[in-house]
Amino acid sequence: MDQMDQYLCVCGWVYDPELGDSEGGIAPGTPFKDLPDDWVCPVCQLGKDAFTPM
């Protein structure tokens, strides 16, 4: 699996590594695997374990 794949949260929000997460302080170009362990979905506040690769 490519490290720049998008990941889908159970709430429907998509983490796109090309966009990052400006609200969470994640710079564009950050692969999902490199997100901090305490990062949460900006919509539902669930952690990385709530995401599946697309």
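The structure holds 1 salt bridge. The model shown is predicted. The views below start with that salt bridge and then take in the chain, the sheet, the surface and the loops.

**View 1. Lys-33 and Asp-34 form a salt bridge.** The side chains of Lys-33 and Asp-34 meet here, at 3.1 Å from N to O. Side chains of opposite charge can pair when their charged atoms come close. Lys-33 is exposed, and its relative accessible area is 54%. The cut-off for exposed is over 50%. Asp-34 has 44% relative accessibility, so Asp-34 counts as partly exposed.

**View 2. The protein chain has 3 strands and 0 helices.** Along the sequence, the pattern is β-β-β. The radius of gyration is 10 Å, close to the 10 Å that the globule rule gives for 54 residues, so the protein chain is as compact as a globular protein of that length. Its C-alpha atoms fill a box of roughly 25 × 25 × 15 Å along the principal axes. Buried residues make up 33% of the 54 in the protein chain. The accessible surface comes to about 3400 Å². Carbon and sulfur atoms account for 51% of that surface. Take the contacts between residues at least 6 apart in sequence: 42% of them join residues at least 24 apart.

**View 3. The strands form an open sheet.** Its order is E2-E1-E3, and the pairing is antiparallel. E2 and E3 stand at the edges, each with a single partner strand, so one side of each is left without a neighbour in the sheet. E3 covers 51-53, E1 covers residues 7-9, and E2 covers residues 14-15. Between E1 and E3 there are 3 bridges. These two strands run antiparallel. Look for Tyr-7, which stands opposite Pro-53 in E3.

**View 4. A nonpolar patch lies on the surface.** Leu-8, Val-14 and Met-54 form this patch. Together they have about 240 Å² of accessible area. Val-14 belongs to strand E2. Val-14 is partly exposed, at a relative accessible area of 30%.

**View 5. Cys-41 sits in the loop between E2 and E3.** Its relative accessibility is 0%, so Cys-41 counts as buried. The cut-off for buried is under 20%. Set aside the neighbours within four places in sequence. Cys-41 is then in contact with Cys-9, Cys-11, Trp-13, Leu-46 and Phe-51. Trp-13 and Cys-41 are 28 residues apart in sequence. In space, 7.6 Å separates their C-alpha atoms.

**View 6. Gly-12 lies in the loop between E1 and E2.** Gly-12 has 45% relative accessibility and counts as partly exposed. Pro-31 is 19 residues from Gly-12 along the chain. The C-alpha atoms of the two are separated by 19 Å.

View 7. Cys-41, in the loop between E2 and E3, is buried at 0%. Gly-12, in the loop between E1 and E2, is partly exposed at 45%. Lys-33, a partner in the salt bridge with Asp-34, is exposed at 54%.

Conventions
Residues numbered from 1 in each chain as written. Predicted model: local features only at pLDDT ≥ 70, side-chain atom pairs only at ≥ 80, totals over all residues. Heavy atoms only, no water. Helix = DSSP H or I, 4+ residues; strand = E, 2+ residues; numbered from the N terminus. Rg over C-alpha atoms; globule rule 2.2 N^0.38 Å. Buried < 20%, exposed > 50% of the residue type's maximum accessible area, 1.4 Å probe, protein only. Contact = heavy atoms within 4.5 Å. Areas by Shrake-Rupley, 256 points an atom, 1.4 Å probe, with all protein chains shown as cover. Patch = residues over 30% accessible without salt bridge, like charges linked within 9 Å, V, L, I, M, F, W, Y side chains within 5 Å. Salt bridge = Lys/Arg side-chain N within 4 Å of Asp/Glu carboxyl O. Pairing = 2+ DSSP bridges.
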